[in-house]
Amino acid sequence: METLGYGLLALAAATVGVLGGLGGAILLVPALVATGMSPAEAAPLGLVTVAAASISAAPRQLAERSVNHRIGVTTELVASTGAVAGATVSTLVSDRALTYTLALVAVVAALAGRRSGGLRDRPDPACVPSDVGERVGSLAGAYPLDGGIVPYAPRRLGAGLALMGLSGIVAGVAGVSGGFIKTPATSDVMGVPIRVAASTTTFTVGITAATALVVFAVQGRIDPEPAALVVAGSLTGGTLGARLQALLSPSASRRVLSILLLVVAGLLVAQA
């Protein structure tokens, strides 16, 4: 593969990944494998693009106050633990079995997102601008939407945390960040608005990726030259994806996310 290709692929994957809150690795890793790179080599580069895109998207998402740090930190404790476990045992898992499992999870998440069509979370006229942000002492919060303010409160935390642990294991084993599990889990299982779910996932997958990358670095699996190009492309793509995300309505974001998940499933099956 031409050297410049790594950066261009990373730019495209990071843009789409941030837009849907998936983490660009779920697109980058299959693309790299399709060019002839082994899954073991592609996995670290996938996590590099996730970490870089998360960093570049953060300023805009934080300024919009669409990230819920309390939800992020709570779920990330479980996800990071899973990432370390997954990265440690990554060499023991069959590539084919993992690929089909990921494809199945992506299809289920896509169907769940399509089922919840329309604008699920609507502005509350009783809310005032000072309500925007996170509620002290809880995981609830509110975010601005179309001139109004949408309040929300997560539910089914136990089920959500279980899926976050799975996303961490997936990130460590396959190098795909687990964002395609995290965003639907946060939105459709925990009931958090899709824009907050996508932004919070983008914020947390960088931490998950960095945790697994430490293990990969110890294993000597990170190639500096392609990694540097992936970082450059991902930083640009992350910024662009955050801008595009702010322009989409929540219902449009869910439709885009569902379509992307189906594309991901197709790529994974083709890769297998």
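Tutor: In this predicted model, α4 and α8 are roughly parallel to each other, since their axes cross at an angle under 35 degrees. The crossing angle is roughly 25°, and the axes of α4 (residues 69-88) and α8 (residues 194-218) come within 8 Å. The crossing in which α4 passes α8 is right-handed. On the α4 side, the contact is formed by H69, I71, G72, E76, A79, S80, A83, V84, A87 and T88. These residues meet T200, F203, T204, I207, T208, T211, A212, V215 and F216 of α8. Sorted by class, the contact of α4 with α8 comprises ten nonpolar, eight polar and one charged residues.

Helix α8 also packs against α3 (residues 39-64), and here again the axes come within 8 Å, with a crossing of roughly 145°. In this case the crossing is left-handed. From α3, the residues A43, P44, L47, V48, V50, A51, S54, A57 and Q61 take part. Their partners in α8 are S199, T202, F203, V205, G206, A209, A212, L213 and F216. The contact of α3 with α8 consists of 13 nonpolar and five polar residues, with no charged ones.

Read from the N terminus, the order of elements is α-α-α-α-α-β-β-β-α-α-α-α-α. Of the 272 residues in the chain, 54% are buried. Among contacts with a separation of 6 or more, 79% join residues 24 or more positions apart.

R156 lies in the loop between β3 (148-152) and α6 (157-174). Its phi is near 45°, a positive value in a residue other than glycine. Most residues other than glycine have a negative phi. R156 is partly exposed, because its relative accessible area of 45% falls between the 20% and 50% limits.

Definitions and conventions: Residues are numbered from 1 along each chain as its sequence is written. This is a predicted model: local features need pLDDT of at least 70, side-chain atom pairs count only at pLDDT 80 or more; totals for chains, interfaces and linings use all residues. Side-chain values use heavy atoms; hydrogens and water are left out. Axes are lines fitted to C-alpha atoms, for helices over the stretch in contact, and angles run from 0 to 180 degrees between N-to-C directions. Helices (H or I, at least four residues) and strands (E, at least two) are DSSP runs, numbered from the N terminus. Angles under 35 degrees count as roughly parallel, over 145 as roughly antiparallel, 65 to 115 as roughly perpendicular and the rest as oblique. A crossing is left-handed if the near helix is turned anticlockwise from the far one by less than a right angle, and right-handed if clockwise. Contact means heavy atoms within 4.5 Å. Ala, Val, Leu, Ile, Met, Phe, Trp, Tyr, Cys and Pro count as nonpolar, Asp, Glu, Lys and Arg as charged, and the others, Gly among them, as polar. Buried means under 20% relative accessible area, exposed over 50%, partly exposed in between (1.4 Å probe, protein chains only).
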